[in-house]
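This note is written for a colleague who is meeting the structure for the first time. Please read the points below alongside the sequence and the model.

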Amino acid sequence: MSSSHNPNQNHLLAALPTAEFERLAAHLERVPMPLGEVLYEPGGQMQHAYFPTTAIVSLHYVMESGASAETAGVGNEGVVGISLFMGGDSTPSSAVVQTAGHGYRLESRLLKQEFNRGGLLQRLLLRYTQALITQMSQTAACNRHHSVEQQLCRWLLLTLDRIPSHELIMTQELVASMLGVRREGITETAGMLQRAGVIRYRRGHIAVLQRSGLEARVCECYAVVKKELSRLLSDVRYRQGVATIVR
């Protein structure tokens, strides 16, 4: 494994005890995840689980009209494909790469096999699933009750937490699609944030200049999602020979 691409960049894989990790390591396939790549189609058979390292994947629902909205994002903190170990092999939503990068994929059969051993991987995946459900629920509430500015700030902060850079390669059209709002709403809101010196926007790129400015404008939904993920995984110790959930 090269130093620039390593499974331990994914927090779930990094938390596995040596024995559990080694059973999976030889089967983990590093894959490029280019912007816009569709990992899962609605109703399609899921052949792999994906553990992002530098990429971010958007889970979103597409309506019959073609309109869509993101229900959650998955980065290096999690896994794409929870249906595989929750009892189903398909999902009604899509999984599309939102931020290009890399990740590791694992055959569904091997993930289920390790999950059914009942070891730490099982407990980690179940806790992560609870955190993901919280993110989905909070996103639904946020989209219904909060302003486009608050939604955009939430989305930008969650994205920043998953990447090492403060610059995002992202068009306003794509952001609007993620949030399920009109492009004009994103254009107006991005313009306000740019005039306030919080972001700098040029076609296809958003640079965050003042994270504190986003934090001052965001609704409570960002903190709820972050707090729940931290609570569920706060007692995990990452692998240095052995990893465990401290009791």
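1. Basis of the note. This is a predicted model, in which local features need pLDDT of at least 70, side-chain atom pairs count only at pLDDT 80 or more, and totals for chains, interfaces and linings use all residues. Residues are numbered from 1 along each chain as its sequence is written, and side-chain values use heavy atoms, with hydrogens and water left out.

2. Confidence. The chain averages a pLDDT (the predictor's confidence in each residue, from 0 to 100) of 89, and 94% of the residues score at least 70. Helices (H or I, at least four residues) and strands (E, at least two) are DSSP runs, numbered from the N terminus.

3. A stretch to treat with caution. Over residues 241-247 pLDDT stays under 50, and the model has 20 contacts beyond four places in sequence for this stretch; contact means heavy atoms within 4.5 Å. Where pLDDT is low, the predicted coordinates should not be read in detail.

4. Three strands form an open sheet in the order 1-7-3, with antiparallel pairing; two strands pair if DSSP finds at least two bridges between them. Strand 1 and strand 3 (48-52) each have a single partner strand, so one side of each is left without a neighbour in the sheet. Neighbouring strands are turned by 40° against each other on average, direction ignored. Strand 3 and strand 7 (residues 101-107) run antiparallel and are joined by five bridges; proline 52 has glycine 103 of strand 7 as its bridge partner.

5. Strand 4 and its partners. Five of the seven residues of strand 4 (residues 56-62) are buried, that is, under 20% relative accessible area, with exposed over 50% and partly exposed in between (1.4 Å probe, protein chains only). Strand 4 pairs with strand 6 (residues 94-99) over five bridges, where isoleucine 56 stands opposite threonine 99. With strand 5 (residues 68-74), strand 4 has six bridges, and tyrosine 61 stands opposite alanine 69. The hairpin of strand 4 and strand 5 has five residues between the strands, and glycine 66 takes a positive phi near 100° there.

6. Helix 3 and helix 4. How do these two helices lie relative to each other? Helix 3 (residues 108-115) and helix 4 (residues 120-145) pack at about 105°, with their axes 7 Å apart. Axes are lines fitted to C-alpha atoms, for helices over the stretch in contact, and angles run from 0 to 180 degrees between N-to-C directions. The two helices are therefore roughly perpendicular, since angles under 35 degrees count as roughly parallel, over 145 as roughly antiparallel, 65 to 115 as roughly perpendicular and the rest as oblique. Leu111, Glu114 and Phe115 of helix 3 meet Leu121, Gln122, Leu125 and Leu126 of helix 4.

7. Helix against strands. Helix 3 also lies across strand 3 and strand 7, running at about 70° to strand 7.
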